[in-house]
Amino acid sequence: MAEMISSAATGVLGSVIDKLADMLTGKYNLARDVKQGIRSLQDDLRTMEAMLLRLEDKDDDQIDPLAKDWRSKVRELSYDIEDCIDRFVLNHSHGDGGSMGNFVHKAIQMVKTLFKDRGIAEEIRRLKRLVSEQSERGKRYYDINQCLLASSSQPVLLDPRAPALFQEARDLVGIDAPREEIISLLRCEDKEHKVVSIYGIGGQGKTTLAMEVYHKITEAAFDSRAFVSVSQTSDMKKLLRDILSQISKSHFDRSQMLETVEQLIRTVKECLKDKRYFILIDDIWSVSAWELVRSALPVNDNGSRIITTTRIEAVAKSCCTGIAAQMYQAKPLSHEDSQILFFKRLFLSGDDCHPDLRKVSDDILKKCCGLPLAIISIAGLLANRSKAAEVWVNVLRSIATAVDKDSPIDKMKRILLLSYFDLPHHLKSCLLYLSVFPEDSLIDCQQLILLWVAEGLIPGQDRESMEQLGRSYLNELINRSLVQPTKVGGHGATVKQCRVHDVILEFIVSKAVEDNFVTIWNGNGFSKNYSSNKIRRLSIQKDISSRAEEIAKTIKNGAQIRSIDIFGSNLVLVTKHATEFLNSQVLRVLNIEVEYGKCSLGNVKSLAQLKYLRIYNYVLVGKLPQDIEKLQHLETLDLRWLRLEKPPASIIQLQKLVRLFVDVSVRLPDAIGSLQALEELSRIDLGIQSVKLIQGLSDLTNLRILEIDWPYLRKDHKEACISTLSRLFGHLRELCVCGSEPDATCSFMSSCVPTPPPLRKLVLDTHNLNRVGPQISSLVNLSRLRIFVRGEAGKEGINILASLPKLLSLTVILSNDQDGDSGILCAISRQGFQGLLKFHFRCCWCHAALEFEPGAMPKLQRLKLELMARCQFKFGEGGLVLGLQNLAGLKHLAIDINCDAAVADEVEALEDDIRGAAAVHPNRPILQIQRFDQDWMAQGAAGVHPTMP
């Protein structure tokens, strides 16, 4: 049976109708009156589904309150019916899947089922009565004459103009003048402590402006820097730890032992008391939140600087009380800048806009009041429509009706409402699902798509096509500017990480709560649907320790809860009550992402629907249920940051498990080959696994992604590893081999079949690039390569990899100097690397320099270099990087300067060389330079503070 879609418009009616049809098949042997009841149910539900789809195409203002109430009741009823069906199917499973009982066990189960079946006819009659009541109510409001057609499932590609709006800092519209004004406000002749507070309404670009200033001011001007976001429901422990992670790694590591905010404040203050620091505090919502953060930031005479952003003028004034400070009110874009931003999203430039669209575009922009987020949102809506004047005029009329009498922020919300109602039904559900993530979350796109699939928000018959369709849905939301990409793959076609602007998230949360799509705890209390509705999806976004008992009881009794997401400092809830989480027969998703503690899930009581289980935290100790084999629908088991005591042996009976992520310290059961559906396995240490397990890996014929640690092994382990990897190499798409012993990689790669394998991504440790290079060069389908060279780079250097025809992203790490004190000069020739877009070169305790010859890497856009400043004068006057001007496609240049054992002259000379080369490059690439290990500079460098720009 095909997986049916769950929808914000219709609840799970589509899934229910399909499951009712499945119940009519012969395998359930239902009585005649029960079958008649089911057929009648189907007819009524199809009609109601069509009515709900009609309602969903109307603005909320066009639907009377009685119809809204009917819509909510039908959605809730659809969930109840599906829960009933799922429990019925579970009762008829007779032990299929999981551990097989003996004859006596089966007999007992059949007797129990007989007693339960006596109630199915009555249950069908009760549901039929409820459905009939709602169906009659619906017919009073609408005459259904036609059904809406399903949306097209054609894949949507990522529009390259969409991520460009958020990525190309050099092309940000209207940013130069305000950025320079704020920098001038921060500049001061003496070393007094200074604050600039940027304030203005949501969607005006305050964070973008502040981040531009933060990156523009040179790293060398300050000893410590940090950027944090407070948000409306701030978690102060997390925020203070975030600051520590950026200013002192050692203090951050120790901070996991600190339990109170006061302890963390003292630690941050101690770290910064003698430092010249630059801190950006984004999105402050209250005076009390600012005062708490300020108490951790010492006021010293070292010339420290703080930038704050807030929507609230009173908060901005509080930030400027009692110290040298300036308030800066964010300004709307001028009409000219608004046009540039608008046309940049829709066309290559304003010159490409047809004259017929000029007048209507000016009228649309007037309604946006110079708010960048409003302009981008409307442009995202128009990007999916025909570029015809009448189409744009209709959009203008809709905007004018919605926003003429509103304040600027209300206009923003109205514009978002128009964008929401313009979405097809399937995208509305996916957008609303983003409400389960806390504000300012950086969301892993692959994880998001897997959650959509597990929740039934993506239609399809097989999982792989559903995941591809999920990627298409995400691209469409990005193209419509409702989701912002924060990390894009090297080739520019795949978004790896995304976020939701806080103004858009506020809107999404309000719609999700209104439709009872999700129930949220965010620190200020539960959303308004907590007590008035059944909980379908539960998202605990902040610490709920004070009400942990209550929420644990809610979860225990919540037979209708389909997903549980837990974030933040929820030690009490996770440590004491995790055994209640696996209590619902209808639970599809359990996602625990907390800071620390111990998580023991207890036993699986009656779970059959769970598809996605994730426990994330690198200091958490966990224990899985011993009867985990009952989770026969589980597809993703993600425990990669969980220190698992010992996985139960029955884990090998999870016949639908597709992805298994574990911590490298976990020893898995020997019979790993039983997991025949497994496609992704990460990350296992072969050194602690048995030979039998290593051999069993070769039986995983569907495995596509494998990540392993390969330490120095005994002979039998080594032979088993080489044999297994040789067999897997023929169908793996991605392979990561860390810490391999000398010659091990050469051994398994050389034993592979002559036919080029389908491998697209390879991460590899090697001790001799010269030996392994020719074998890597035979991997003609490779698009991403990361290679850690722990020994000889050879005379050819990385040019030995230059012939890979499809290579888009290359990372090379040189870990030690085997070529004497003279160092290595890696010259990149014009031959090869013809399609490379991204290159990362890192010197890790070795002496190396780079030279790009004319014509080298012609399509390279992003270059990141990590260099040892102490080698600056080792290679002559040219320094460590030569020929940057020869990289014709360069757009982004990031330099990390390792200051260990270097003197100030070496560090400054290296930085000056890079800045000079970037300044004269014809593309004016975006430049980011940061120093690290400044505390380990050679004598004579201490106390050097270059002036601010």
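This is a predicted model: local features need pLDDT of at least 70, side-chain atom pairs count only at pLDDT 80 or more; totals for chains, interfaces and linings use all residues.
Residues are numbered from 1 along each chain as its sequence is written. Local features need pLDDT of at least 70 and side-chain atom pairs count only at pLDDT 80 or more, while totals for chains, interfaces and linings use all residues, and side-chain values use heavy atoms, with hydrogens and water left out.

The protein contains 29 helices and 31 strands, where helices (H or I, at least four residues) and strands (E, at least two) are DSSP runs numbered from the N terminus. Of its 949 residues, 56% are buried, a term that means under 20% relative accessible area, with exposed meaning over 50% and partly exposed in between (1.4 Å probe, protein chains only). Among contacts between residues at least 6 apart in sequence, 68% join residues at least 24 apart, a contact being heavy atoms within 4.5 Å.

The aromatic side chains form 9 pairs in the structure; rings of Phe, Tyr and Trp (its six-membered ring) pair if their centres lie within 6.5 Å, and planes under 30 degrees apart count as stacked, over 60 as edge-to-face and the rest as tilted. One of these pairs joins Tyr420 and Phe421 in an edge-to-face arrangement, at 5.5 Å centre to centre and with 75° between the planes. Tyr420 is buried at 1% relative accessibility, and Phe421 is buried with a relative accessible area of 15%. Another pair, Phe839 and Phe841, is tilted, with 6.2 Å centre to centre and 50° between the planes; Phe839 is buried at 1%, and Phe841 is buried at 0%.

Ring pairs also link Tyr214, Phe222 and Phe278 into a cluster. Over the face of Tyr214 lies Arg225, at 4.5 Å from the ring centre, and the charged end of Arg640 sits over the ring of Phe661, 4.0 Å from its centre. A charge sits over a ring if NZ of Lys or CZ of Arg is within 6 Å of the ring centre and within 35 degrees of the ring normal.

Turning to the helices, H14 (residues 335-346) and H16 (residues 372-383) pack at an angle of about 30°, with their axes 9 Å apart. Axes are lines fitted to C-alpha atoms, for helices over the stretch in contact, and angles run from 0 to 180 degrees between N-to-C directions. H14 and H16 are therefore roughly parallel to each other, since angles under 35 degrees count as roughly parallel. The contact includes Leu341 and Phe342 of H14 and Ile375 and Ala379 of H16.

Technical notes:
Angles under 35 degrees count as roughly parallel, over 145 as roughly antiparallel, 65 to 115 as roughly perpendicular and the rest as oblique.
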